[in-house]
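Please follow the strands and helices described below with the structure in view. The account begins with sheets and then turns to helices and charged pairs.

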Amino acid sequence: STDGGRNLSLESIPMGLPMSDPSAWATAMNNLGMAPMGMTGQPLLPDFDPALGMMTGIPPINPMMPGLGIVPPPIPPDMPAVKEIIHCKSCTLFPPNPHLPPPATRERPPGCKTVFVGGLPENGTEQIIMEVFEQCGEVIAIRKSKKNFCHIRFAEEFMVDKALYLSGYRIRLGSSTDKKDTGRLHVDFAQARDDLYEWECKQRMLAREERHRRRLAEERFRPPSPPPVVHYSDHEGSLVAEKLKDDTKFSEAIQTLLTWIERGEVNRRTANNFYSMIQSANSHIRRLVNEKAAHEKEMEEAKEKFKLALSGILVQFEQIVAVYHSASKQKAWDHFTKAQRKNISVWCKQAEEIRNIHNDELMGIRREEEMEMSDEEIADPSEMKETEESALVAQLEALKEENDSLRWQLDAYRNEVELLKQEQGKASRDEDTTKEQQMKLLQQALQGMQKHLLKVQEEYKKREAELEKVKEDKLKIETLLENLKEQESSTSRVCACSQEKECPVEKSLSNSPVKSEREVLLVGIISTFLHVHPFGASIEYICSYLQRLDSKICTAEVEVLMTRLQNTFRQELSGVGASLEKRWKFCGFDGLKMT
């Protein structure tokens, strides 16, 4: 009968899930192509179509229809979808109970491509494992252990996530119900050296690519390097000389000239050309000084404008403050409300503070100007002389530099004359006339330079004579100062002698018991020592302390000195019988009252 066939088919299917979960049981029966049956053998759903292998009108993920007594309510949207049964050639995978919590996994290692698979059937082979897990992706290697677990390495990282989906599934080999042919899969991340090495290689490659990308970006935004400076030639030299005369192209030309000089392009043949270029560069100094003066003038004008504007602002502030003060008087103040009076007082304070700040600023500017004027007008005569001397020295140094430059110019002209003489013997007769003219011109220039040199030398001699005169004046002033100092010292001596003559009687009267400076020092040291020891000290203890300072000191000398000074030191006996001891005490404070 059909009922018997159905019961046989029920017995042949292994019950991977408990019958208490009708939803999972119905899903498993439906995927196997059988009608879902209850505990009593009655069909759970009457509209089952065995040809389709699924219930009509119901999706395979959730085949239960709500409304029946044995079916649980529909799955809420936040719950995961029910897993399906997976059929393979050699085995079948049954899903876990959807109401159980998801299987626990360890922390994912970086670059993980290897998974740990536990709970394999004892009779499971590598071929069956490959058959199950090759659905997740390309399997590179399988390392199977004898204790029902293995490690599977995939080609890519995303395949590991697919393999973790199978964690919790029950596996059954064929249609056997033997325990050795069944198991519960546990899939987890595994830490493998190969995965870590590949991940590190990949990270290094990405870092290299990032560095290369950054370098390209930096090179894209880097300013272009300046064009290389050409080597010196007569043509390039003439171009640079023309550029040096032009104010707009001066900076570029001076850089080229500097590069040529640093390269060592200056030689005997090109020295004159370089000198002319340096001379034209020197002519720009006056222009730059004039530009600086113009800018300083503009700055002074701007300062004046600022000062005038600040003074105008201050006048307006004074007017506003005057308005506030007049409003605060009794006549107008009584007519305002409390809030208005408060606002007026606050505004008045703010205006006075701002006015004081601006006034201080203006006074500071004026004070700086007065200081500058006083520094310029009031100067000491000694400073004036020093400035004159420094000015003369600076002029002498400038004349020396000019003299040296003229000498160098003469040497350059002589070199040029020698070159012209050498070239004159080699050149043809037609060029002789032009060279003679050049020679004449050069001779004339030499004569002019010699005259200028003589004038400079005469000026130099005059300046030296002036310097000598200034030095002589300085020596005279110093001698006068020394004489004045000597006179002051002589007057002070005379005063001292007169004072000594006035008080000879006092000296004769004061016959001190202390006879030398050494004894005075000993008295001072002993008094400080005894002041530190208020209960007194023996003569041996005092002498031991003094002998540390000077080994020549003897006890007799110290005792005689202390007995001589009765108002300063006092000897007392302390102790009884055998412990009787003489002690010296300092009594200077009491003796001062008695003397």
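**Sheets, helices and a salt bridge**

In this predicted model, four strands form an open sheet in the order β6-β7-β5-β10, and their pairing is antiparallel. Strands β6 (139–144) and β10 (186–189) lie at the edges of this sheet, where each pairs on one side only. From one strand to the next, the twist averages 20 degrees.

The pairing inside a sheet rests on a general principle. Strands of a sheet pair through backbone hydrogen bonds, and they may do so in a parallel or an antiparallel manner. Strand β5 (residues 114–118) and strand β7 (residues 149–154) illustrate the antiparallel case, being joined by five bridges. Within this pair, F116 of the chain stands opposite H151 in β7.

A helix accompanies this sheet. Helix α3 (residues 126–133) lies across β5, β6, β7 and β10. Relative to β6, helix α3 runs at about 140 degrees.

Another open sheet of four strands has the order β3-β4-β8-β9, again with antiparallel pairing. Its edges are formed by β3 (86–87) and β9 (182–184); each has a single partner strand, so one side of each is left without a neighbour in the sheet.

The pairings within this sheet can be followed strand by strand. Strand β4 (residues 91–94) is joined to β8 by four bridges, and the two run antiparallel. Here the bridge partner of F94 is R170 in β8. Strand β8 (residues 170–173) also pairs with β9 in the antiparallel sense, over three bridges. In that pairing, I171 stands opposite G183 in β9. As a general point about such strands, the side chains of a regular strand alternate between the two faces of the sheet.

How far apart are the axes of helix α7 and helix α8, and at what angle do the helices pack? Helix α7 (residues 250–263) and helix α8 (residues 271–282) have axes 11 Å apart and pack at an angle of about 140 degrees. Because of this angle, α7 is oblique to α8. Their crossing is left-handed. On the α7 side, the contact is made by F250, I254, L257, W260 and I261, while α8 contributes F274, M277, I278 and A281. Sorted by class, the contact of α7 with α8 has nine nonpolar residues, no polar residues and no charged residues.

Helix α6 meets α8 in another arrangement. The axes of α6 and α8 come within 9 Å and cross at roughly 15 degrees. Angles under 35 degrees count as roughly parallel, and α6 is therefore roughly parallel to α8. The crossing of α6 and α8 is left-handed. In this contact, D234, G237, V240, A241 and L244 of α6 meet N273, M277 and S280 of α8. The residues of this contact divide into four nonpolar, three polar and one charged.

Helix α6 also packs against α7, at an angle of about 140 degrees and with the axes 8 Å apart. This angle makes α6 oblique to α7. The crossing by which α6 passes α7 is left-handed. From α6, the residues in contact are E236, G237, V240, K243 and L244; from α7, they are F250, E252, A253, I254, T256, L257 and W260. By class, the contact of α6 with α7 has seven nonpolar, two polar and three charged residues.

The final topic is the pairing of charged side chains. Side chains of opposite charge can pair when their charged atoms come close. In this model, the count comes to 23 salt bridges. Where in the chain do R287 and D247 lie? R287 belongs to helix α9 (residues 284–327), whereas D247 is in the loop between α6 (234–245) and α7. The two residues are 40 residues apart, and the pair links distant parts of the chain.

Technical notes
Residues numbered from 1 in each chain as written. Predicted model: local features only at pLDDT ≥ 70, side-chain atom pairs only at ≥ 80, totals over all residues. Heavy atoms only, no water. Pairing = 2+ DSSP bridges. Axes fitted to C-alpha atoms, helices over the stretch in contact; angles between N-to-C directions. Contact = heavy atoms within 4.5 Å. Parallel < 35°, antiparallel > 145°, perpendicular 65-115°, else oblique. Left-handed = near helix turned anticlockwise from the far one by under 90°. Nonpolar A, V, L, I, M, F, W, Y, C, P; charged D, E, K, R; others polar. Salt bridge = Lys/Arg side-chain N within 4 Å of Asp/Glu carboxyl O.
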